Structure formats: structure tokens, C-alpha cells
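Try each task before reading its solution.

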Amino acid sequence: MESTTRVLTTVAAGVTRSRLAPVLLGLLPGDAAVSELELSLLQCAREAERRIHQPLFGERTPTREECGEEVDVDGCGQPITQAMALGRKKHALALECARSVLQRYWPKPFSIEQRYRFFRHARFIETLSAAEEKRLLAEGCTQKLWRTIKPDIVLHASDNPLSAVLVLDFKFPCPETNSPRWTRYGKDSAYPGATQGEIYREALRAEALLLSPQGITP
């Protein structure tokens with residue numbers, strides 16, 4: 001496995017290094033601290049992808065055909081592709097890693113997979129507790145989750161969970177030649193036509209960025 005130093009040096013040579021600096025420089029002690037946080041989060045994405053791919057594909061990455069293969073169905077009978085199944089596993093590992101990174105490098109509060117209810121036209125947002133989310137899902141009452149969003153990571157400047165500084169979402173394109181991109185809400189959603197990134201920015205009034213093994217992008 002590549003050492004952290006080698007991976008961080010590789011990333012530092014790329015164009016993604018400065019993505020977080022404009023947002024976080026006033027909240028962290030200097031450019032070096034911002035870079036360390038950014039590069040460590042990127043390493044979380046890359047290591048999660050490596051660990052999930054290794055036992056299934058060895059040193060190669062899945063092909064476009066393998067990514068599109070249907071491997072299961074969800075509770076509504078909709079197909080689950082290999083890309084979706086891999087993405088879920090990578091997300092779990094990446095978020096576990098990100099929690100450790102943020103506990104080390106981010107001096108203020110942060111949220112991991114916090115669900116918010118956002119009334120777009122009213123410009124009103126509120127948090128939904130993990131217990132309430134679990135109860136609604138257990139009851140099959142997903143309609144009450146209709147106006148909700150659930151970003152992977154939200155960095156806060158204070159203890160107020162509605163006060164956001166930066167929103168980050170992990171994405172794991174499959175195949176890896178695809179570019180990471182925000183999911184676009186369908187016509188039957190609460191936010192038809194908008195992307196996740198657009199809604200995150202509107203709801204939390206903060207910059208929202210994609211974090212993938214390829215780097216950090218808007």
C-alpha cells in the first residue's frame with residue numbers, strides 16, 4: 001500500500017489543493033492546516049476505493065459493463081447496480097475515515113450524514129434527529145422524508161447544526177473514467193430539476209463540493 005506521504009505528495013502536485021483554502025483559511029491556522037485536512041480527506045476516498053476494489057478486482061478497476069451489472073433489487077423492486085452497491089460500501093469506509101480526520105484536524109463541530117428538512121420556497125430548514133429518521137424509515141413513512149436532504153459532511157463554525165461553513169459529499173464514479181457529479185433530482189421530488197449541490201448551497205447557505213478519488217470539485 002502506498003504510504004500516506006507518497007499519496008499526499010501526489011495530490012499536492014494536482015489542481016485540487018486549493019479547493020478548500022478560500023472557505024477554510026479563516027477558520028484553520030494557515031494554509032498548511034487547510035492542505036493537511038484536504039489531503040487527508042482525499043486519502044479517505046482513495047483508500048476506501050482501493051479497499052473495496054482489491055478483493056473483487058485485484059489491481060484493476062471495474063469495467064463499464066461490470067459497473068452496470070444488476071446485482072440486487074431494493075425494497076421497491078428497483079434494480080441495484082454494481083456501481084450502486086460498490087458506492088455504498090465505499091461511502092461507509094470513507095465516512096468512517098473522514099470522522100477520524102475531522103476529529104484530528106477540524107477544531108469546530110461537524111456533522112456526518114445529518115438529515116435536514118428543507119422547505120425551499122419558504123427558505124426554511126430544520127434538523128431531523130437520527131432517532132426520528134430511524135422511526136420514520138421503520139414505519140415505512142418515507143413521505144415524511146420527502147423534503148429532506150442528507151449531505152455526507154457538514155462543517156460548522158459553531159454548535160448550531162444549521163450554521164454551515166462547508167458541505168462535502170463523497171462520490172465514487174463507476175467506471176473511474178466517469179467524472180464525479182451531483183445527483184439531479186427528478187420531477188417527482190421536492191426539488192425537481194435541481195442538483196444536490198444546488199440544494200445543499202441553498203439550504204445550508206454554504207459552499208458545497210464533491211470529494212472523490214479523483215479530487216475535489218464543485
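**Exercise 1. Find the buried residues of helix α7 (residues 196-204) and say how they are arranged around its axis.**

Step 1: Gln196, Gly197, Ile199, Tyr200, Ala203 and Leu204 are the buried ones, where buried means under 20% relative accessible area with a 1.4 Å probe, protein chains only. Helices are DSSP runs of H or I, at least four residues, and strands are runs of E, at least two, numbered from the N terminus.

Step 2: These residues cover an arc of only 165° around the axis, so they sit on the same side of α7; the arc is taken from the directions from the helix axis to the C-beta atoms.

Step 3: Their packing partners are β4 (115-119), β5 (124-128), β6 (148-149), β7 (153-156), β8 (164-170) and β9 (207-212), with contact meaning heavy atoms within 4.5 Å.

A note on the source: this is a predicted model, in which local features need pLDDT of at least 70 and side-chain atom pairs pLDDT 80 or more, while totals for chains, interfaces and linings use all residues. Residues are numbered from 1 along each chain as its sequence is written, and side-chain values use heavy atoms, leaving out hydrogens and water.

**Exercise 2. Classify the ring pair of tyrosine 185 and tyrosine 191.**

Step 1: Rings of Phe, Tyr and Trp (its six-membered ring) pair if their centres lie within 6.5 Å; planes under 30 degrees apart are stacked, over 60 edge-to-face, the rest tilted. The whole structure has 5 aromatic pairs.

Step 2: Here the centres are 5.3 Å apart and the planes at 75°, so the pair is edge-to-face.

Notes. Buried < 20%, exposed > 50% of the residue type's maximum accessible area, 1.4 Å probe, protein only.
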